[in-house]
Amino acid sequence: MKRLSILSLFIFILILTGCKNDQNTDHKNLETTMKDPHSYGNPDEVIIRHLDWTAVVNFEAKTLSATAVLTIENLTGTDSLVLDTRDLAIESITLGKEKEVTPFRIGQADSVFGAPLTITIKPGTNLVTISYQTKPEAAALQWLSPAQTLGKKTPFLFTQSQAILARTWIPLQDGPQVRFTYSAQVSVPPGMLALMSASNPQKKSENGVYQFKMEQPIPSYLMALAVGDIEFKPVGKRCGIYAEPAQLEAAAWEFSDTEKMVEAAEQIYGPYRWDRYDVLVLPPSFPFGGMENPRLTFATPTVIAGDKSLVALIAHELAHSWSGNLVTNAVWDDFWLNEGFTVYFEGRIMEHVYGRDFAEMEQRLGFEDLKATMAELGDTSRDSHLKLDLKGRDPDEGVSDIAYEKGANFLRVCEKAAGREKWDTFVKGYFEKYAFTSMTTEKFITYFEEHFIAGDSVLSSKIRLKEWIYGPGIPDNVVEYNSVRLLAVDHEIKRWNSGTKATELNAKSWATPEWLYFLRGIPHNESLERMEELDKTFHFSTSGNSEILAEWLEHSIQVGYKPAYPAIEKFLTTVGRRKFLKPLYQQLLRTNSGKELAWSIYVKARPGYHSVAVKTIDEMIGWSKN
Ligand code: BES
Ligand code: ZN
């Protein structure tokens, strides 16, 4: 009996130490966490493991009244938990199940990074409850009036947390090295649906209360919420579309290949780890093309072209389910690990579903963008390194074609040098090994050297990794695809330039990439007569394809083609997608009369834009608060 109890005590101790070891393995990744220049948080001392969030959405006051219950793990026995906040009104903070009130302090606020919230904790504290309210100006949130929606009857709310805006609606350690699971309960006015980056409802509830669960650990920039008159339509066994009722059918048709894309992605880089993949189509003020919120991509309605020609965006956001959401850039300087891999993977998914021809055209257009961006930055720009240096700057400044297109091209160089099979085996293994962890550029390089180069000096010299990652510009081993279909467009551009009539151009079978390539290729000083001829023949000014329309409008500003001006004003006052706004305002700002027009449009349009677009255009146009 006695021996048995000693034995069981021994086993008990073994189990205990075993558990501890398990946790240590868990922390391995953490032990190497680096200081994040864009977060005040102290995850190296105490780290958030789970968030239980309760919120009431108030459309009149434009606030969320919320409680964040954080499950934390105190790694070092520290007496303070430091969180990121920006514009939050903190009401009270308590510790533990017994809700013992604890002191807290909010540090000095910076307009970009916000303020540290330092909470006094004990070595054994594992629950921290924060009651707070968001401010109407919370930068992640956009509160839309009914007039800014399709249905015109119900207001709408959506969030955009990447890169460091989650802190404007939830107090968290707001850096991509900290991962946590979450559950949530959100109360909205009856008649509205609430959705999150989590398990989602497919129908409105009667009382407007919704429950959510995200069981895979995610970084804070993937926290997302949307509320509105939203309905759901399935398009596959694990895929469906959410949209305002008036757009649901069109959206579901446009994105009906989603399930095929998930299957293609799985064939290329292994199982989809997030259960469902749904897409939410937002109102047109959404500042991005898409945002890879886990389980629920947020998408701009401007990709609904009526012919599925802009669905590469879905391939892109889906690809983030591996590159970004599974293996996450450790800090924003490593952003290329998210976006470069994603653009590369997007191309692979597109090739699989729509064929090599089509994918090559998109890659070629991306490469043209990269060259234009390089020309703007200059050959030696520090911002043209893949590994960025964003310390002290808004990480939003790192969002450029460098991370996306230079990043993707580097990976194409690797693929070409080793052959697709070897490359794919490597990438698949990388996603598998580092799933649900964060990755620095240096850790990636170590893994790459060990598992891909593996001592092959010929392979290494074909790739020139250091030059790509730590050097400026585009190395000369860049991969350029000579799309045959675009060569044919080159021919038509030549014919147009030598006087061939628009009606005689061989453009009948052109898809969107060919039109974009054509519009980018025609002279920047086209005569007004010829602009009119093009417009009359191809109806660009009234195009329902946002990419083609935006390209045409930019061109129209450049040459002063006045018949397109009403369309410019309409576009800029309805669409808030930054990628379109930037070049259009930039073109307008080049001349004095254009400047005047830009200002008169911006005064009207600005209240309808999301804060991230406002910030960019404010800086371009010289808008100041006074
Ligand atoms: N994650 C990005 C959007 C983002 C990046 C938001 C950085 C905030 C900070 C998203 O996946 C993206 O890249 N969107 C592109 C889509 C395009 C490349 C297909 C966009 O919005 O244009
Ligand atoms: Zn992306």
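**View 1. Composition of the shell around ligand 1.** In this predicted model, the shell around ligand 1 comprises six nonpolar, six polar and three charged residues. Here Ala, Val, Leu, Ile, Met, Phe, Trp, Tyr, Cys and Pro count as nonpolar, Asp, Glu, Lys and Arg as charged, and the others, Gly among them, as polar. A total of 15 residues surround the ligand, each with a heavy atom within 4 Å of ligand 1. The closest are Gln-162, Gly-289, Glu-292, Glu-317 and Tyr-404.

**View 2. Polar contacts of ligand 1.** Polar contacts are pairs of N or O atoms within 3.5 Å. A backbone N or O atom of Gly-290 is 3.3 Å from a nitrogen atom of ligand 1. A polar side-chain atom of Glu-317 lies 2.7 Å from an oxygen atom of the ligand, and for a polar side-chain atom of Tyr-404 the distance to an oxygen atom of the ligand is 2.7 Å. Of the 530 Å² of accessible area that ligand 1 has on its own, the protein covers 88% (Shrake-Rupley method, 1.4 Å probe).

**View 3. Elements contributing to the shell.** Strand E18 (290–291), helix H4 (312–319) and helix H5 (335–354) each give two or more residues to the shell around ligand 1. H4 supplies the largest share, three residues. Helices (H or I, at least four residues) and strands (E, at least two) are DSSP runs, numbered from the N terminus.

**View 4. The largest nonpolar core.** This core has 208 residues, and Trp-53 and Phe-410 have the most contacts inside it. H5 gives the most to this core, with nine residues. A nonpolar core is a set of buried (under 20% relative accessible area, 1.4 Å probe, protein chains only) Ala, Val, Leu, Ile, Met, Phe, Trp, Tyr and Cys residues joined through side-chain atoms within 4.5 Å.

**Notes.** Residues are numbered from 1 along each chain as its sequence is written, while chains are lettered from A and ligands numbered from 1 in the order in which they are written. Local features need pLDDT of at least 70 and side-chain atom pairs count only at pLDDT 80 or more, whereas totals for chains, interfaces and linings use all residues; side-chain values use heavy atoms, with hydrogens and water left out.

Technical notes
A polar contact is a pair of N or O atoms within 3.5 Å; within protein, one must be able to donate a hydrogen and the other to accept it, and residues adjacent in sequence count only if both atoms are side-chain atoms. Buried means under 20% relative accessible area, exposed over 50%, partly exposed in between (1.4 Å probe, protein chains only).
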